[in-house]
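User: Hi! Could you show me how to read the sheet and the helix packing here?

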Amino acid sequence: MDLLQKIRSIPTEPGVYLYKNAEGEVIYVGKAKNLRSRVASYFHEGRWEDAKTGTLVREAVDVDYIVVANNKEALALENNLIKQRKPRFNILLRDDKTYPYVKLTLGERWPRVYVTRRLRKDGSAYFGPYFPANLAYRIVDLIHRNFLIPSCKVDLTRFHPRPCLQYYIKRCLGPCVKDLTAADVYQEAVRDVNLFMEGRPTDLSRSLHGRMEQAAAAQEYERAARYRDLISTVEQLQERQRIAAAEGDDADVFGYHYENGMLAVNLFHMRGGKMVDRREFFWEDLPEFASGEDADIASAHGGADALVRPGEQSSPAHSADSTDEFEAIPNLAAPSSACHPERSEEPALSLSKGPMYSAGSTESASDSLGPSARKQRGPQDDTPVVIDFHPGEFFSALLKQLYIGQPYVPRNLYVPVDFEDRAALEDLLSEQSAGENSRAARVHILVPQRGDKRSLIDLAGNNAKQSYDQRFRVLKPNARKIQKELQEVLSLPELPKRIECFDISHIQGAETVASMVVWEDGKMKKSDYRKFIIRTVEGVDDFASMREVVTRRYKRLQDEKKPLPSLVLIDGGLGQLHAAAEALDSLEIINQPLAAIAKREEILYVYGQEKDPIALDHHSPVLHLIQLIRDEAHRFAVTFHRKRRQIRDRSTELLEIPGVGSSTTRRLLEHFGSVQAVKQADTAALSAVVTRVQADAIRNHFRK
C-alpha cells in the first residue's frame, strides 16, 4: 500500500499523525480533529508552495496515526510524542533548566535544601517554580535561618572533624560532625521544612505550638523561644499570602520580535497583580529546507520552518528586586507547590515558524515582509513559494509545550494572537490545574485587543525587540550583570569578585606543570598568575597533579592568612573536580565554591551538584567569561610547559655530544637561539662560536 492509499484509509476521528522518512525516522508530529482530512491536506497542490510542507512531503514515505477520544487528548499526546521523538520538522525548545526549584533531598541520610533547575526521579521533593530566580535563593536562605537545614556541598555521608561557620552563626544543625545534632531532631526540622514548602502553614503552626508548649513544660525555655519565633515567622508569611491573593490574579504575558531569520520572545510573569520576572527565548540558525540556490533565497527572507534549539535567560524584574523575602514569597504561593519529576522531564517545544514581526504590529505578516519576501521560486519549478509566518500556530505550540504537564499554570495567559485550538487548550490546562479539586480556578487564554492588558502585550513586544538587539546585535553586556548571572548559575553565596582557575599541561607525563590564572573585578589580573612544577607525581596522572597544585596553592593562602577566592575553577571534568575537592578537604577548607568546565562539551559541573551539570547557551555571556578564564589558564600552562620542554631539550641533546659541556651549550644557544638552528648551522658558522674540533663533533652528531 503506497502512502496515498494509506491516507485514504485513515479514519476521520481526532488523533495524532506521525510522518516518517525512508529510514523509518519520525520527521513530523501533528494533531487533528479529523485525521484523514488533515493528513490529506498536505498533498493538496496549493500546500506544496509552502517551503516547509513541500520539503516535508517529498521526504515522507509513510505515515502512522493514533486515534484518541477528543481534541484535548490529541493535544496532550502530540506534546508527549514531540518530546520523545524530537522530529526534525518540529521546533524543539529544551526548557528543563529554565525555572529555579527548591530541592529537599529526602533520599539522603541528612537531607539538604538547595536551588536546582533540573527535576530528577531521585526521591527528592521539588518545590516551585519561582519567579524571579533570586526568590528561590531567598526562600532557601529563610530555611537556613529558621529551620537550620543546610544546603552546603560537604559530603554528609561521613563525619568531619569540625563544623563550618554556618553552624556557629546558628544557620545549620551541624550534621557533618558527630553528636552535634540528634537524628530525630534533624528529621523533625526536615518535616517542618516539608510542611512549610508544601504550603501547609496551619499544620506547621499547630505542630510548632504543641512543641513549644512541651518545651516550656519541660523548662527548656530557649527551645520554646525558638519555636515561638518560628511560629511568628510562619504566621507573618500566612498573612502576607492572604493579602497577595486579594491584590490580583496570576498571569503570563507574551510578546515577540522577528528580524533577519531570528526570533526573540519575551514572557512576563505577573504574580498577585505585580510583574515579578521576565524571561527571554531565542531562535536562530534556521536549518535550510530547500537546497542550493533556493535555500539561499529562503534564508535571505527569513527561511522556512526548522528544528531550532533556542537559548533562554531569566532576569528578575525591577519590581521584585525592591521586595523583601516576606513580600516576594506570598506572591508565589500558588506555584510553590511540590512537583514530581516523573511528570515534568525535559519539556520540548514544537513550533511551525517562518518570518516574524513584533507583537505590537498592526500589519499582517505578509504585508510587513513586502512582496519579495512573500513569493519566492519553488525548489522544483517556477512555482512561487509563499513563506508566511503564522502567529497562531506559533503560540499554540509554544503554550502547549510550556504548560502541558507542568506543576503550575497561572490563571490567565495573554497572547498577541488567537489560534485554532485555544478553547481545547484552555480546557486541558484547566483540568490539569484542577487535579482532584473540581473547584479550582479555570485557566483562561486571552487575546486582548485594547486597554491595559493589550498594553502589557505591547510592552512585552517592545522588550522582545530590546532582547533581540541585545542578543543578535552583540551589544556588550554590563559587567555587573554578568557577575550576577554567574552567581545565579553557579549558586554562589556572594557576587564573584575573584576567580582562580587551574590547568595541567604535559606530554605523556613528561615535564608536567600547572598554571593558575586570576580574574578579579571584571578583568584578568596577570600580576597574580602563578606557575607550578609538579613534583610528587610521576607519569600521566592529571587527577593527582591537580590535587597537588590545589593543595600547594591553598595551603600557602592558609599560612599567609589570605582570603580565599569567590570561586575555584578547574579546567577539566569530574575527575579533576573531585581531585581539587579532595585537596580542599584535606586542608579542612569547607564550603569553598568549586566548579569545573569540560573542554569538549563546555558543560559546567558544580561541586556538590555534579548530578545536575549546567549546559549554558553558546551565546551566554557567563559561558563566554568562563571560557575566557579557562582558555587563559590553558594558554598559560601550555606556554610554561613548552618553555620547560625547550630547556630540557637544550640541556640534554647538546650535552650528549662528546666535548660539549654546559658552558659550550650555553654559548651555542645564546648565539643561535635554538637547538634547531644549531642543527642547521654549517661548520664555519659553528667554528665562530666553538673550536673546530667541537664544531666537527656537533656536525657529526646531527648527521647520524
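Analyst: Happy to. Six bridges join strand E1 (residues 15–20) to E3, and the two run antiparallel. Strands (E, at least two residues) and helices (H or I, at least four) are DSSP runs numbered from the N terminus, and two strands pair if DSSP finds at least two bridges between them. One of the bridges links Tyr17 to Tyr65 in E3. The model is predicted: local features need pLDDT of at least 70, side-chain atom pairs count only at pLDDT 80 or more, and totals for chains, interfaces and linings use all residues. Residues are numbered from 1 along each chain as its sequence is written, and side-chain values use heavy atoms, leaving out hydrogens and water.

User: In what order do the three strands lie in the open sheet?

Analyst: Strands of a sheet pair through backbone hydrogen bonds, either parallel or antiparallel. Here the order is E2-E1-E3, with antiparallel pairing. Strands E2 (26–32) and E3 (62–67) are at the edges with a single partner strand each, so one side of each has no neighbour in the sheet.

User: At roughly what angle do the axes of helix H5 and helix H7 cross?

Analyst: Axes are lines fitted to C-alpha atoms, for helices over the stretch in contact (heavy atoms within 4.5 Å), and angles run from 0 to 180 degrees between N-to-C directions. H5 (residues 133–147) and H7 (residues 183–197) cross at roughly 140°, their axes coming within 11 Å. That makes H5 oblique to H7, as angles under 35 degrees count as roughly parallel, over 145 as roughly antiparallel, 65 to 115 as roughly perpendicular and the rest as oblique.

User: Which residues of H5 make the contact?

Analyst: Ile139, Leu142, Ile143 and Phe147 do, meeting H7 residues that include Val193 and Phe196.
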